[in-house]
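Trainee: I'd like to learn how to read strands and helices in a model like this one. Could you take me through it?

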Amino acid sequence: MSDLGYIVLLIAFILTFYGIGVSILGARRKDPALAASGRNTLYVISILILIATLAVVYMLATDDFSNEYVASHSERALPMFYKIATLWGGQSGSLLFWSFLLALYSSAMVASIWDKESKRGPWLVATLLSVQLFFLIISLFASNPFNRLWVLPDGATIGAVFRPAGASLFIPADGTGLNPLLQNYWMVAHPIFLYLGYVGLALPFAYAAASLLSGDLDDSWVKRVRVWNLIPWMFLTIGIILGSQWAYLELGWGGFWAWDPVENASLIPWLTATAFLHSIMIQEQRGMLKVWNMILAFLGFWLVIIGTFITRSGIIDSVHAFAISNIGPLFLAFIIVTFFAYLILLWYRLPDLQSDAELDSLLSREAAFLYVNVLFVVSAFVTLFGTLFPIISEAASGTKIAVNAPYFTKVDGPIFLGILLLMGIGPLLGWRRTSGEMLQKSLAVPVALALAVAGAVFILITRNWVPILAWALAALVLGTIIWEFYRGAASRRRATGENWLRALGSVMARNQRRYGGYLVHFGVVLMAFGMVGAVAFQHNLKSSIALNDSVELGGYTFTYTGLDQRKASNHDEVTATVVVTQGNRNVAVLKPSMNFYSSRAARDMGPTTEVGLHTSILEDVYVVLNGYERGGELAAFEIFVNPLMLWMWIGGLVMVFGTMFALWPTKARAPQRIPARQPSPQPA
Amino acid sequence: MTDARNDAAEKSSGRGGIIMLIIIAVVGATLFAVFYYGILHPPSQRADSGKAPDFSMTTYTSEPLPPDVLQPALVDLFGSNYGRYCVDDVNQPRPKDYDQITIKLSDLRGTPVVINFWASWCTTCKDEQPLLESAWRHYQGKVMFLGLSHLDQDKNARAWLQCYNVTYPNALDKGGKVYNAYHVQGVPETFFIDANGNVQDYFVGAFPSASVLDEYIQNLLHASAPQE
Amino acid sequence: MKKSLLIAFILIILLTTASAALAQGVDPNNPHNLSPEQQAAAIDIQTELWCPICQGVRLDECEQKVCQQMRDMIDEMLLEGKTKQEIIDEFVDQYGVVILGEPPKEGINLMAWITPLVLVIAGLGFAFWMSKKWTKKKPQPATPLPAAPAGDAAATSVTGPELEIEDEYLARVEQELEGDL
């Protein structure tokens, strides 16, 4: 099976050269037959990569420990579900998985746009295959999932595809096992979405590159790329949210985002992709920011690769980073080559990327978009800078420093608040210009809501200005969204005489993008609401509780009533029972546990904890079992009360729902440009 | 729209585009510089050759800890049967020669030096400490030994030193300054400085046996021998 | 009433843990029998310090021996009556800036704090410069648009200064509805 996978991947690798060559030839000679051959090669390569991926899955499922990847990441006792998930549990497997996802995406995008893009199409295939080539090189020559284990004559074991001189095949009796932290449903789902997001960001990049290469630079590319940016953006959003859910449930530290380099690596491209999905609207509507959009399309994918490089090359250590490996130099080479190639290409096409329109007023929606774009990109680079700062500092002063959560919250926090402010004001501004009076009128409701929230929080909850400001800004955005929905429905009602509900429904259905966008904004408001609550008002307590004794925190009483031991297929589970009461009311019976894994990979890491969690709309009660003594007469707990956590997850769901609403395919109506300069807009 | 205005528009957005590209190029170049440095000089590349970074250290007092402090500290560090690790009489005083004195590495020029980074919370250091102490007793006069405890506390470090009855000078590496200067990656790690003050060799982790340590010291003495 | 109950609870816990400590070493969560206030202060300090040998692990979450020693030291210093700032300063002095979790605001590390500020100002400044450049070429300064001619949306409205604004807004909404933003 190792051989089969390797050979299939090798054929795909060779075919990639043919595909790139024939596509470029087809594009230059304007020969549809050559171009079609290039496209078909892409499909064939995709199928080959699918077969190679299935080969790894098969070996994992059948415990084929002659394969190095299987032997070092799986074990017999692992449940089947996790065995298959091991595909993305280690480095070489996950990189093959990237390759597979890229193949899937490439085929889908090329198939969907081929008929419309005779000029860009072949260039698109060539660009996508070049990216695929990079991943295939990594899989074949640097981080090969098809290595087998061999025993050398001197007794050493190595992984290699071909039999080294004098070596004999080595098949261990059992594998070393999967990192126990990854044996969790969230962690199984989280990488799939994250990688769908990462890899998908290659699509806008490829589309932009294809436009530049073909010289076909009219604004149609931003219209067609919108979907192919929004889909990966949505997956990246889901991936990040699932990752924080995993951190919250599995790491047992009461928080959801640690600003760890691996987490930052997922946030940084998300920020630029978010900037991109806003700024392409300006190009669609006004034909502006063409160069900027070309840069953003590139940045998203480039920052994905940089993030991967940072977290996997070993230049920065991180808790969840994979082992230091030899893929670092290859990633760096790819980063540098794509950077210069793209920059030169952009430079060459710069004269063709002139703005069609001018800004009419600083008080216009395009101006707000411009500023929010800058803030997104700056926050991405500030986060990157903070992640890399330990290297910079050590280079400059020789002293090791750590850059952790406090730094990022202090530095990124204000930028995010600025983004919230613009989220509140921007949608109220019109394209081209807005009169002060009109802005005043439309801002009245949101500002009133913001002030009311600020006042209520100040009087009832806290005098700390950070949550007051953050909640007030969230309320501003909420007010804007409500106002926009109201105005849309009102206008529709006036025009058609429909009742409120119908008017709202049809106005939303007719403008999926607009109202989908507002739904996403609403999700952000909910997330901000929850996050501020959880970060600013968390209580925690560490306590050892004797059997049938209790402690109090945040108005709850926690009574420790027993300890049980259970054997699962590959670990022992010690579960404590904690009864949570509030006054006379029974709130929950929580079962925090410690898992002791027996595999070799797990033994050094110590036990993992499974949190006991009770969620309500007001607050989460979160109990971690840290240890126990004398068979459970005394157990050590850490207890958290995290206010409003649920709203973060609801907000995440709303964001995803809003994106889907905006994406949902309906009969397309060609968007109209807002005219550049015209005495007054004509009502339709 | 007049032609003049059109030209102006083109010029201005053209300039904006160029400035954007320049910004991107600068950002990219900065990133590459950081990566280049990060790869060529990985965050922790040891001072494994050349001039040994100079430092001065102020040794722990050799005043023994009161038994009521010492005993729980030993239990905390080594477990209740700490006798397994420690010398028979943990209360015996350590020599006064190095009682809170300041030693500067550059002042030791002419003598080969063994610098050992350790910590009282470090498990593998426990196996190594007796080897170092007996090597010191054997080579005393020919080789200087310096111990630097990393991320450590006075009470714990002194309990440790009493447990093994360590007689060579030991000090807290305050703020991890020496640790950083040598780019140590973890404890224990040991550096061998020749008589000329150059790093002759280093060893990562605990010495597995007295003979391995001995070999390193022999090499150090050999390298430090006058070239005649 | 509630408070005394809490104290009673804590007393019970202290008693049980103290007896546990006698029998079995010390209570891992409160080895120094701190008062509840001191315990809260200890947690407060722990959440501001970071494990020096891990990556991104807060002191209160860290299971390393070095962290246990650090937590002990915090307890002991609290018992000596030291303030939070004194304790943190002493830790930085003894363990180095690595335990702070953020670059100290001095020397070369000041760059970590200045650079983001510079980036934000430069980015917004660039956007402002660009938008100024774009608007400068406008023939006339931005003034409120004249009222939209009566169309479908405005058909029901009566003319008047207030409603003109309304009409402009509605015109925009309608136009955008068509524009399918």
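Trainee: Let's start with strand pairing. Which residue in E4(B) is the bridge partner of B:Val114?

Mentor: Keep in mind that this is a predicted model. In E4(B), B:Val114 has B:Phe145 as its bridge partner. Now zoom out to the whole strands: E3 (residues 113-118) and E4 (residues 144-149) of chain B pair over 6 bridges, in the parallel sense.

Trainee: And in which sense do E6(B) and E7(B) run, parallel or antiparallel?

Mentor: Antiparallel, with 5 bridges joining E6(B) to E7(B). Look for B:Ile193, which sits opposite B:Val199 of E7(B). The two strands make a hairpin, with 5 residues between them. In that turn, B:Gly197 has a positive phi of about 85 degrees.

Trainee: What order do the strands take in the sheet?

Mentor: Go across the sheet in chain B and you read E5-E4-E3-E6-E7: 5 strands, an open sheet, mixed pairing. E5 (170-172) and E7 (199-204) of chain B each have a single partner strand, so they stand at the edges and one side of each lacks a neighbour in the sheet. On average, neighbouring strands here are turned by 20 degrees against each other, ignoring direction.

Trainee: Which helix lies across E3, E6 and E7 of chain B?

Mentor: That's H6 (residues 210-224) of chain B, running at about 170 degrees to E7(B).

Trainee: On to H3(B). Which of its residues are buried?

Mentor: B:Cys125, B:Glu128, B:Gln129, B:Leu132, B:Ala135 and B:Trp136. Their arc around the axis is only 140 degrees, which means they are on the same side of H3(B). As for partners, the buried residues of H3(B) pack against E3, E4, H4 (154-164) and H6 of chain B.

Trainee: What does the same check give for H14 of chain A?

Mentor: With 21 residues (405-425), H14 of chain A should span 30 Å at 1.5 Å a residue; the end C-alpha atoms lie 29 Å apart, so the two agree.

Trainee: Where in H14(A) does the kink lie?

Mentor: At A:Asp412, shortly before the proline A:Pro414, and the kink is about 35 degrees. A:Asp412 is also among the buried residues of H14(A), which include A:Val411 and A:Ile415.

How values were computed:
Residues numbered from 1 in each chain as written. Chains lettered and ligands numbered in written order. Predicted model: local features only at pLDDT ≥ 70, side-chain atom pairs only at ≥ 80, totals over all residues. Helix = DSSP H or I, 4+ residues; strand = E, 2+ residues; numbered from the N terminus. Expected span 1.5 Å × (residues − 1). Bend = angle between axes of the 7 residues up to and from the residue. Buried ≥ 20, exposed ≤ 12 C-beta atoms within 10 Å, placed from the backbone. Pairing = 2+ DSSP bridges. Axes fitted to C-alpha atoms, helices over the stretch in contact; angles between N-to-C directions. Contact = placed C-beta atoms within 7 Å. Arc of directions from axis to C-beta.
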